[in-house]
Each structure stands twice: as structure tokens, then as C-alpha cells.
Amino acid sequence: MKNKNTATIWSRDFILLLVINGVSGLSFQILSPNLPVYAQQIGFSESLIGVLVASLAFGALLSRPFAGMMSDRMNRKKICAFATLMTSVAVVSLELASHPPLLLGIRFFHGVLFGLNTTVTLTMASVVTPENKMGRGVGIFGITGIGAQAVAPAMGIYVVLRWGYPVLFLVTAGISVIAASMVPILSDKVLARKNGPKKTVRRKFSFKNIIAPEVLGMAFIALLFTGVTSSVTNFMVLYGVTKGIADVGFYFTVFASVLMATRFFSGNLTDRFSFRLILYPCSACCAGALILIGFADSFSFLAAAAVFMGIGYGISTPTIQTAAIRIAPADKRGIAVATIFAGTDLAHCIAPVLMGSVVEAAGYRAGFLTMCSLMIIAVPAVILSARKGRAEPG
């Protein structure tokens, strides 16, 4: 039997899940910069394009509670394979979506599949990761998703410019099939049910069966951090144009680079220190980034803000996810993961709307400084959530 201090996270299953997560992420992210342009070509108005962009997050949000429950009660390998295969079907169907309602429906369904896929893959990764190295495992697991976000948009744009949208849809569908083909190789360790006699237990449908109440505090913290980042991401380009700041697009390059770099050491922090000691500096970094952006008059301000935001958001995300996994009972791990993801999905739905309303009423500086208040709210939220002792490394 391996000593818990010498057990490694680099098991065969964990490496496979890293690849599956990266390939699946590629298939989801490759459409992001291209679908709004495609929608415009088939007659979408600007406001309807905004609804299309939000429909993915909305579909994921609605699927999370059920994704968590299914992940804890059903065959996780089958759920993952189903979600990735159906993604290929949904993407191919985009070529036939010549009317706005049909395209919105397909993108919403895409979001449901995204919710299923990301919930079950992180749950499986947490199962094969040693408990005392959970922070390191969760942090490294997120690297492949970040890598997909960095590579997929440019890849999608290249395919469209060279071969057009039909080829883009086929390439995306093919990537999903590749991800699905790797799922059966996973061992049965990742399954929700162990081998042996199965007890039939009837559970009544209740709130606790689809949401993990014990991690709602952590989900709220996830909402705050994601809301800040989502607001900046959605308005940075427009802000740069308004301020006349050149090369504003490099903000995302710096942000993504720092975000990925943090994942190599954030897990070690989470496994060694209290999540309170980690999240307080993270909130300060994000708040500082928003202040720098609000008063920026050159790209140097934005570059510094990208570093602070990358550190704050990059370290806080795996810390929150790891704390939630530690808090939840082992048989509700999938529901706990889904609850955290629901907080991030909700942030993507409401934060840009809030930011847009403030910008329209009082300008961009007021918008970024208003979002800074979310980081002030995060401090008491962390204090209250810290009462859950199991969230700490042990």
C-alpha cells in the first residue's frame, strides 16, 4: 500500500482525463469567436447575437444540478461519452440552422452538453487524485482547459478564413469524436458505483439531491471571482477602442499566460495553506486589476492589470474547487462540482449585463470600479465559508 505522502497524481486515468478535458475543451471553445459572425450572416440582429452568446452559459447553468446528480448515481464514463458524441451531432446541425430559433436552440443544447461534460470530467479527476494532493490535481487538471481557450479561437478563425464554416463544423465535430473515443479506455475506478453487490436505494427528489448546500458559500465566492473576470473579458476590447489604447488585444495574451503559469503552483498552495489565506490576496489582486483598468491611459496599465487578474483568478479558481470537493461527502462529489460550476455559469449570465448597465449609465471607469465592489463582498463571504473545517488541507 502506498504511503499517502508518496502517492502520485500522475496515474494512467488522470493523464487520460487531462487529454480528454483538453480535447473536449477544444471542441467547445473553437466556435466562440466565429459563431457570432456566422449568426450575423444568417440574419441575427446585434441584440439576438448577445442572446446567442449567453445561451451556452444558460444551458450549462440549467444542466449543472442534474449533471451533478447523474455523476454521483450513474456511469460517469457513459455520461462523458454521451456528452462528447452528442456535441459532435449538435455542431454538425449548425450547418442546417438557417433560422435564428433553431440556432439558439442548438447552442442552448450545446451548453447543456458542456455542463454535463465539464462536471463529470472534473468529478472523475477528483476521484483518481490522492486526497492529500487534491489541490495540485485540480490545479493541473485546469491547465488543459486553459490551453484549449488559448489555442481554440485562433484555430477556429484560421479554419473559417481558409475553408469556411462547413469545414469548421466538421472539424469541431471530429474533435468531439476523438474525445469520446478515449473515454472507454478509462478504468472503472472513475465510476460512481463500485464493483460488487448493489443496493437499490430509492431517494426522493429534493433540493439536496441536485445542489450541495454545504458548498453554496464556495459557489457564491466562485460567482464573485468569475463575475469580475467575465466583465473585463467582455468589455476590454470596447474599452480599449474608447480610450484609444493600441494593442489592447494583448491584454488577453498576458492574462492567459499568467493564468496558465499559476496552475503549476496553485495546487501546492491549496494543499499546504488554508483557503482563506489564499483567497484574501486573490481578491486583492483582482480588485487592484480593476482599479488599474479603470484608470488606464496606456497599455502598460492594462498589462499590469492582466498580471494581477491572472494571478487572482488563476489561483482562486482551483482553490475554490478543491475546497468544495473537500467539504462535500464522497458520495456527493459530483453534485458539489456541479454546484461550483453553477456559480461560474451564473456569473457569466449576469455580470456582463450588470457591467453593461453601469457603463451605459456612468461610463467604463464607473463600471470597472463597481465590479471592484464584488471583491470587497468576497472577503466576508470567505470568512463565513471558512467555518467548514473540512475545506482545509488535512
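I began with phenylalanine 368, which is buried at a relative accessible area of 0% (buried is under 20%, exposed over 50% and partly exposed in between, with a 1.4 Å probe and protein chains only). I note that this is a predicted model, in which local features need pLDDT of at least 70 and side-chain atom pairs count only at pLDDT 80 or more, while totals for chains, interfaces and linings use all residues. I number residues from 1 along each chain as its sequence is written, and side-chain values use heavy atoms, with hydrogens and water left out.

I then looked up tyrosine 239, which is buried too, with a relative accessible area of 2%.

For aromatic pairs I took rings of Phe, Tyr and Trp (its six-membered ring) with centres within 6.5 Å, calling planes under 30 degrees apart stacked, over 60 edge-to-face and the rest tilted. The count by this rule is 11 aromatic pairs. Tyrosine 239 and phenylalanine 368 make an edge-to-face pair, at 5.0 Å centre to centre and 75° between the planes. Because tyrosine 239 lies in helix α8 (residues 216-243) and phenylalanine 368 in helix α14 (residues 364-385), this pair ties together parts 129 residues apart in sequence; helices are DSSP runs (H or I, at least four residues), numbered from the N terminus.

I also found that ring pairs link Tyr38, Tyr165 and Phe169 into a cluster.

Lastly I checked isoleucine 15, which sits in helix α1 (residues 12-29) and counts as partly exposed at 40% relative accessibility.

How values were computed:
Helix = DSSP H or I, 4+ residues; strand = E, 2+ residues; numbered from the N terminus.
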